[in-house]
Amino acid sequence: CALPIFPQEKMKNMLYPSIYGDKMNRRVITINSPTMAIKAARLLSRKGIKAKTVKLLPGQSPRGCSAGVEIDFFKVNAALDILTEAGISYGGIVIL
């Protein structure tokens, strides 16, 4: 017997569809500008880390960043190293 999906849950999933099946394994590296988030996602993809740009709502980021890059929890350290090496600044890591 399947549990019913309430409208709020449907909307949340539509706003932020994850590139991963399990929401517990996704993290977002916050980045100040959408342009830099796109560049970061492309760089990470080239380096073999599956990445997707996401727009953050006000209050989702402690530093007020408006964009981010969604990655797998287990790839966070490698992704941060790649971004630091490339000179791309980031604000922090959040869980959506």
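F73 has 38% relative accessibility, so F73 counts as partly exposed (buried is under 20% relative accessible area, exposed over 50%, partly exposed in between; 1.4 Å probe, protein chains only). The model is predicted: local features need pLDDT of at least 70, side-chain atom pairs pLDDT 80 or more, while totals for chains, interfaces and linings use all residues. Residues are numbered from 1 along each chain, and side-chain values use heavy atoms, without hydrogens and water.

**Exercise 1.** Classify the aromatic pair of F73 and F74.

*Solution.* 
- Apply the rule: Phe, Tyr and Trp (six-membered ring) pair with centres within 6.5 Å; planes under 30 degrees apart are stacked, over 60 edge-to-face, the rest tilted.
- The count comes to 1 aromatic pair.
- The ring centres of F73 and F74 are 5.1 Å apart and the planes stand at 75°, so the pair is edge-to-face.
- Check F74: its relative accessible area is 61%, so F74 is exposed.

**Exercise 2.** Give the strand order of the open sheet and name its edge strands.

*Solution.* 
- Strands are DSSP E runs of at least two residues, helices H or I runs of at least four, numbered from the N terminus. Pairing takes at least two DSSP bridges.
- The order of the 4 strands is β2-β3-β1-β4, paired antiparallel.
- β2 (52–55) and β4 (92–94) are the edges, each pairing on one side only.
- Inside, β1 (26–31) and β3 (67–72) share 6 bridges. I29 stands opposite V69 in β3.

**Exercise 3.** Which strands does helix α2 lie across?

*Solution.* 
- Contact means heavy atoms within 4.5 Å. Axes are fitted to C-alpha atoms, for helices over the stretch in contact; angles run from 0 to 180 degrees between N-to-C directions.
- α2 (34–46) lies across β1, β2 and β3, at about 20° to β3.
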